[in-house]
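Please open the model in your viewer and keep the sequence panel beside it. The stops below each name something to select and then say what is there.

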Amino acid sequence: MVTLCCVCGRIEQRGEWLDTSDLADNELVSHGYCPDCFNEAIQNIDRYEHASASELYQSDKIFVPLC
Ligand SMILES: [Zn+2]
């Protein structure tokens with residue numbers, strides 16, 4: 001089973017994050033975050049928690065992807 005990043009679509013194999021073109025057709029897939037997208041999601045969650053109502057209204061500035 002491989003982990004597929006739900007944001008950028010890369011897959012984790014043996015500690016490396018690769019393009020999905022390296023994914024075998026019959027491979028079992030679990031969804032999660034790659035380190036880059038995880039860090040970005042954490043920063044966005046932190047921004048979301050400290051944002052004012054008017055900032056939250058501008059949804060293009062705060063994006064928290066859901067898996
Ligand atoms: Zn990713």
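Begin by selecting Arg14, which is placed in the loop between S2 and S3, where strands (E, at least two residues) and helices (H or I, at least four) are DSSP runs numbered from the N terminus. This is a predicted model, in which local features need pLDDT of at least 70 and side-chain atom pairs count only at pLDDT 80 or more, while totals for chains, interfaces and linings use all residues. Residues are numbered from 1 along each chain as its sequence is written.

Staying on Arg14, look at its backbone: phi is positive, about 50 degrees, although the residue is not a glycine. Most residues other than glycine have a negative phi.

Gln13 has Glu16 in S3 as its bridge partner.

From S2, move on to S1, which runs antiparallel to S2 and is joined to it by two bridges. Here Leu4 stands opposite Ile11 in S2. The hairpin of S1 and S2 has five residues between the strands, and Gly9 in this hairpin takes a positive phi near 85 degrees.

What is the pairing sense of strand S1 (residues 2–5) and S4? Select both, and you will find them parallel, paired over four bridges, with Thr3 opposite Ser30 in S4.

Now pick Val29, which lies in strand S4. Not counting residues up to four places away in sequence, Val29 touches Val2 and Leu4, a contact being a pair of C-beta atoms, placed from the backbone, that lie within 7 Å. Val29 and Leu4 are 25 residues apart in sequence, yet their C-alpha atoms are 6.4 Å apart in space. Val29 is exposed, since 11 other C-beta atoms lie within 10 Å.

With these strands highlighted together, the view is of an open sheet of four strands in the order S3-S2-S1-S4, with mixed pairing. Strand S3 (16–18) and strand S4 (29–32) stand at the edges, each with a single partner strand, so one side of each is left without a neighbour in the sheet. From one strand to the next the twist averages 40 degrees, taken between the N-to-C directions of lines fitted to C-alpha atoms, on a scale from 0 to 180 degrees.

Finally, show the whole protein, whose elements run β-β-β-β-α-α from the N terminus on. Buried residues make up 4% of its 67 residues. Colour the model by pLDDT, the predictor's confidence in each residue from 0 to 100: the average is 82, and 81% of the residues score at least 70. Confidence is highest in S3, at 91, and lowest in helix H2 (residues 53–57), at a mean of 73. Where pLDDT is low, the predicted coordinates should not be read in detail.

Methods:
A residue is buried if 20 or more other C-beta atoms lie within 10 Å of its own, exposed if 12 or fewer, and partly exposed in between; C-beta atoms are placed from the backbone. Two strands pair if DSSP finds at least two bridges between them. Two residues are in contact if their C-beta atoms, placed from the backbone, lie within 7 Å.
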